Amino acid sequence: MKALRNFEALFIAIIGLACAANVVYENRAVESKAPAGYASAAQSTPAVPVVVVAAKRMSEAEKQASLAEERKAAQGSKI
C-alpha cells in the first residue's frame, strides 16, 4: 500500500515539473525573436486566405444522376 502512495506522489511531482517546464518554455519562445528574413516573409502573406472555385453548376438531371451513382456505390459496398 505504501508503494502505491509513493508512486502516486512521484507521478504528481513529475506532472508538476512538466507543467512548470512547459510554462518556462512558452515564455522563452515568446521572448525570442525570429530573424528578419522570417518577419518579412510573414508580412507579405494576406491576412485571410481566399479560395476561388472555378466550376460550373450541375444541372438538375446531372445532380440526380450523381446521386443515383452514389446510392448504387453505397449499396454495392454493403454486404
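## Helix H1 and Leu 4

Leu 4 is found in helix H1, which spans residues 2–31. The model described here is predicted. With a relative accessibility of 59%, Leu 4 counts as exposed, because the cut-off for that class is over 50% relative accessible area.

## Secondary structure

The protein chain contains three helices and zero strands. Read along the sequence, these elements give the pattern α-α-α. Besides helix H1 (residues 2–31), the chain includes helix H2, at residues 36–44, and helix H3, at residues 60–77.

## Surface and burial

Of the 79 residues in the protein chain, buried residues make up 0%. The accessible surface of the chain comes to about 8,000 Å². Carbon and sulfur atoms account for 64% of that surface.

## Confidence of the prediction

The average pLDDT of the protein chain is 80, and 72% of the residues score at least 70. Among the elements of the chain, helix H3 has the highest mean pLDDT, 91, whereas helix H2 has the lowest, 57.

Where pLDDT is low, the predicted coordinates should not be read in detail.

Notes:
Residues numbered from 1 in each chain as written. Predicted model: local features only at pLDDT ≥ 70, side-chain atom pairs only at ≥ 80, totals over all residues. Heavy atoms only, no water. Helix = DSSP H or I, 4+ residues; strand = E, 2+ residues; numbered from the N terminus. Buried < 20%, exposed > 50% of the residue type's maximum accessible area, 1.4 Å probe, protein only. pLDDT = per-residue confidence, 0-100. Areas by Shrake-Rupley, 256 points an atom, 1.4 Å probe, with all protein chains shown as cover.
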